[in-house]
Amino acid sequence: MNAYDFSLRQEVLLEKGASVLSDLFRYRRNSRLLDRSHPVNILYKQIWAAKQDVLRAKTEAELEQIDGKFELAHSIISSLEAQNVARSS
């Protein structure tokens, strides 16, 4: 991967991370999760750190690892939101 492609991949991951963080933020706000030790708040903190790591990454492997974190967080938040929809139906 050349420098341009690597930078482009970083930019895409920054956007993906921002999307996951916004989903987590919305879920936290809607669920009124104020306790910092709640798993969703811990996940938010971890994803925030991973987003910062995007710019520190030097290898494709590091970017892949960060992408995996974003994918996992997205899957978790999607499941939580689906459970909330099922409960309210």
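Predicted model: local features only at pLDDT ≥ 70, side-chain atom pairs only at ≥ 80, totals over all residues.
Biologist: Happy to start with α2: how many residues has it, and what does it reach from its first C-alpha to its last?

Modeller: Helix α2 covers residues 39–56, which gives 18 residues. At 1.5 Å a residue, 26 Å is expected. The helix comes close to that, with a reach of 26 Å.

Biologist: Is α1 roughly parallel or antiparallel to α2?

Modeller: The two helices pack with their axes 9 Å apart, at an angle of about 165°. Angles over 145 degrees count as roughly antiparallel, so α1 is, relative to α2, roughly antiparallel.

Biologist: Nice! By class, which residues does the contact of α1 with α2 have?

Modeller: On the α1 side, residues including Leu 13, Leu 14, Gly 17 and Phe 25 take part. They meet a set in α2, among them Tyr 44, Ile 47, Trp 48 and Leu 55. By class, the contact has two charged, three polar and 15 nonpolar residues.

Biologist: And Asp 67, is that residue buried or exposed?

Modeller: Asp 67 sits in helix α3, and touches Arg 9, Leu 13 and Lys 16, leaving aside residues up to four places away in sequence. Its relative accessible area is 13%. Under 20% counts as buried, so Asp 67 is buried.

Note on methods: Residues numbered from 1 in each chain as written. Heavy atoms only, no water. Helix = DSSP H or I, 4+ residues; strand = E, 2+ residues; numbered from the N terminus. Expected span 1.5 Å × (residues − 1). Axes fitted to C-alpha atoms, helices over the stretch in contact; angles between N-to-C directions. Parallel < 35°, antiparallel > 145°, perpendicular 65-115°, else oblique. Contact = heavy atoms within 4.5 Å. Nonpolar A, V, L, I, M, F, W, Y, C, P; charged D, E, K, R; others polar. Buried < 20%, exposed > 50% of the residue type's maximum accessible area, 1.4 Å probe, protein only.
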